[in-house]
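I opened this entry to record what I looked up in the structure. My notes follow the order in which I checked things.

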Amino acid sequence: MRQRQAIDLSDLPTYGMGSRSPTWWGTLGFMALEGTGFVLAAGAYLYLAYINPAFPLSAPVPNHWPGTIVTLLLLASAVPNHMLRRWANDCDMPKVRIGLVVMSIFGILPLIVRWFEFPALNIWWDSNAYGSMLWVLLGLHTTHLITDVGDTIVLTALMFTRHGYSGRRFGDVDDNVFYWDFVVITWLPIYFLIYWLPRFS
Amino acid sequence: MSAADLPAKSKGIRDTSLDDASLHRWLTSTWETKRGIIGALSAVDHKVIARRYLITAFVFLCLGGLNAVTMRLQLSGPERGLIGPDLYNQLFAVHGMTMMFLFAVPIVQATGIYLVPLMVGTRNIAFPRLNAFSYWIYLSGGLFLWVSFLLDMGPDIGWFAYVPLSGPEFSPGKRADVWAQTITYTEVSSLAVAVATIVTIFKQRAPGMSLNRMPLYVWAMLVTSFVVVFAMPAVMIASTFLILDRLVGTQIFNPAEGGDALLFQHLFWFFGHPEVYIIFLPATGMVSAIIVTFARRPAFGYLALVLSVIAVGILSFGLWVHHMFATGIAKVGASFFTASSMLIAIPNGLQIFCWVATLWGGRPKIGTPLLFVLGFFFIFVAGGLTGVMLASVPLDLQVHDTYFVVAHFHYVLIGGSVFPLMGAAYYWYPKLTGRMMSERMGRWHFWLAFIGFNAAFFPMHILGLWGMPRRVYTYPVDLGWGNINLFITGGALVLFFSFVLFTINLVWSARRGEPAGDNPWDAGTLEWATSSPPPSYNFARIPVVTHLEPLWAARAELPVAAGLRVDARELVISTVAEGHPDIREKSAAPSIWPLFAAIAVGATFLWSIFTPWAVVWGAPPIAIALIGWFWPKGEPEDE
Amino acid sequence: MKATGLHRAAALLPMIPLSGCTGIQSALDPKGPAASELAWLIWFFTGLCSLIWLAVMIVLIWGLSKRRGDRAEPLDIDEAGDRKATRVVTGAVAATVLMMIVLSLLSYFSNRTIAAIGGQNPVTIKLTGHQWWWEVRYESDQPRRTLTTANEIHIPAGEPVRVVLSSTDVIHSFWVPALHGKKDLIPGFDNELTLKADKPGVYRGQCAEFCGAQHAHMALMVVAEPREAFDGWYNAQLSNARQPETDEQRAGHDLFMNRPCIMCHKIQGTKAAANTGPDLTHLAGRQTIAAGTLHMSRGNLAAWIADPQSVKPGARMPTMNLSGDELNAVVAYLEHLK
């Protein structure tokens, strides 16, 4: 088939930020499916709470303090996270490096407190279905937390190497910021379900 | 080609001024999958991965078919002792799992992996390494199930594995764990493909391919991928809960400790009903493509067809409870789900009417692909109508879990998906191999499959109404079901034989088939604008799209875009709605790390059925493999 | 033209016999008000769906067999033809909507009709599913009139009977097609349905939810009989088991009481009082053995006791390793338990 050159793409940029980039859409896709997982797990918990006349099944309510500290840390992390986004969009390498180090720390801190959250649930996973669901919800979120902290640390290391000087890498930082927001936002309803629902019902 | 032919690799050689021959040399050296075993294991070319998927899924189809034939031999007469309940129960569970998770979903996704990038006019799928990873995970999941089955460890709890039967108390041993982890493997792989497909369709369409110029098949794959994204997490949650109950003693499904058995069914069918549409919607895309080409006119009611596909995708989430009418859920809820289940008949009906109208308004020529589409109409419409019967609560209570349902879902799945897939195989085979399939064998294949299918499955409706429940390994003499079952077994053998013939045709035509040329059917979509089989880079120059059927609109010459680099894997990234070219982005180079990651992940899943600590010990190797995967290697693609 | 082949195949379909003498477990041979309502519904849906199917096929084949000019440019579209097609497609969609509304309403009213079947102070049966048999308990205000049996339900013909369904192990489903649609037996909560047979007769039912190895052999018989016969049966069932009369039966009785048999079974009036397996107090009065697996006969009883695992592999009943004489004695005793 004969061809005719109709347009020239030479002047297009070689990377884009946010929704211009395919990686952003990929991240969004994974957030959608993981978010569905969170919603269904939370739905399962509410379903069990609904069909059991007495919930939380005669267990003591959880101690909310470790969870509350994690919540505050995660909320506080939103500030440096969004500063990091601005710096990544400006391709400002020194600031991006600082931002990533700060975000790595903001990732590790809640993980440490998270360790104390499990015993503070005041019930074991195998005691009854209520205990199982608390552990599942907390475990599900912890998996995301660990994954994203790991991702942030690797990215931080990467940005300290020569490979960091690339538009794509700044795009990766941007996507990391995006995903961290997801980790923070999904925590809030889970925090409510784990620590406050048993108190209200 | 020797190294001397190529100019020194300076940064950024563009295709603008290259003649066709040197353009081909450059693109080949940039995009080709390397030879040798390491090259093969590192492949990221969507066509290479798709071929592996297609072949693997076809092998699983044959294995699942063998399961079915074995079951039919056992059921050919009352109280036959060919196989006992222990093996029979594994056979039907493994048959269902193989057909749903290892054949139907992977093969429709694989077809998408092959065709979508070609149809939207790009050079590779988005996230090609993720795509390669998905194949390895799928392969390990399939091997896991089948090796377990051959070791007499196959699941014996049906493909939906209801608790408490699948729970720790009533399924000791590893069989139910094999069910749960097979689910996990295959869902991880389908989810990965779904995300890659969505992003390819949203961001990698050729310049000018706005949403309203997107082929119907691509629309179908887009909606399917969204359904996968929102449905599959449900079954992963269900299987994870189950394995937690079994391995670490959680009580989620244990009614004695505040858990609930029906929770599992809700989670499973929240996935399970959309699953049917995950299998069916891509088939509607294939039907549209074949009908348009064979009717020799654009689809009648393009917009209506797009909207029905979207509507079906959305509505498919609203009717899971019709699988649970017999569990005694509240009457009001049941009536709601009757209405919602009936509702989905409307967009499905609309699709059928539009296709028929396309054939009416066109100049149809009969070929094997269209023959299979006609078979699809004959069978699927019948299956859809028995679906309407199942949606009715009271009626469902008589036919639920009987052979009527077995007949219904085979009409819907084989009629609705396998017949279009067979049509698609004849239709796109020339694109994959460069040769036509034998038309003569194709017609024999069709008629044997059509007759065998109806002989095998139509009488099952009657058996179900006569009271035969599904999943029984035998039945008593005095109920009078013997003759009809013998007839069914005969039909099943004919159907099986038709697939033997199909396999012969596939192999024979690969060597002896007539050379196809670029566009043997004179079709209108972009995959036919390149050679058969397509080169590693798909298109020497990216087409510019000005019409829904670009090749019909540009009979004389095809407008193309210039300005891409040829010394690095560069793609055009376009805007989501209009398809305006926006970025020239690099596509990932081949890498062995997705394989390593798949091995680490697969080994963790496998190990986890023996100890929960596997998740802890498996994490570091997975992390290392992922770092290896994402860490830049100084290739031009990393710049 | 292959359309003729399609025509021929379509013409063959109605020749497959749909009804006729379809047995004691058929939804098309209803013997109670619920099943009759459902059979009517099945025929109505089938009729309407067949018509629609036929209409679509006729239009499709007709469209294909039209002769047309060949090889025109695919983008030259007959605009007028498409406008006509738009009207036809719109009409077809409207018809689909209408049909769905009619069918939804029909099933709604049908459901209400079935739910309305009931009566004052019905006989109440608590049916419990076990892997792989049915425990049947007739409830009564007076504890002495509570009755336990297995795998066979007797009901008074023409009267509604309330059946409460539950399970102690996995999910089963209770289904007697000639009388009623199915309903699941689920551990953790009770389901309920109202069974009513119009006329005396024997109707077979079978577990309809896969429940493990012997799902295929989990049947039960529903015996509908006139009220007097039912009352007679009921009173007879309340009595203790018959005492052994011959030496052989006495030997069988002693074997039963000294072997593991009594660890699972109950024979009222003897020291066998376990309830893991079916109650055997009036075993020989039932029509089948092992939940519908075998007809009740001396030979089958012997075959079952001698080697249950080859009759019903996976069943919970172990092989007892009885000698020939011992087997004969146990069978003689059990056969005597009318």
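**Overall shape of chain B**

I began with the radius of gyration of chain B. A compact globule of 639 residues would come out near 26 Å, and chain B has 25 Å, so the two agree. I then took the spans of the C-alpha trace of chain B along its principal axes, and they are about 80 × 60 × 50 Å.

**Make-up and packing**

I looked up the secondary structure next. Chain B holds 19 helices and 3 strands. I checked burial too: 67% of the 639 residues of chain B count as buried.

**Confidence**

This is a predicted model, and I went through the pLDDT of chain B. The mean is 94, and 98% of the residues of chain B reach 70 or more. Residues 1-10 of chain B have pLDDT below 50. Beyond near neighbours in sequence, that stretch has 6 contacts in the model. Where pLDDT is low, predicted coordinates should not be read in detail. Where is confidence lowest and highest in chain B? I found the lowest in helix 10 (residues 331-343) of chain B, at a mean of 83. The highest is in helix 3 (residues 46-75) of chain B, at 98.

**Chain pairs**

Last, I asked which chains touch. Chain A and chain C have no contact between them. Their closest C-alpha atoms lie 11 Å apart.

Terms used. Residues are numbered from 1 along each chain as its sequence is written. Chains are lettered from A and ligands numbered from 1 in the order in which they are written. This is a predicted model: local features need pLDDT of at least 70, side-chain atom pairs count only at pLDDT 80 or more; totals for chains, interfaces and linings use all residues. pLDDT is the predictor's confidence in each residue, from 0 to 100. Helices (H or I, at least four residues) and strands (E, at least two) are DSSP runs, numbered from the N terminus. Two residues are in contact if their C-beta atoms, placed from the backbone, lie within 7 Å. The radius of gyration is taken over C-alpha atoms; the globule rule is 2.2 Å times the number of residues to the power 0.38. A residue is buried if 20 or more other C-beta atoms lie within 10 Å of its own, exposed if 12 or fewer, and partly exposed in between; C-beta atoms are placed from the backbone.
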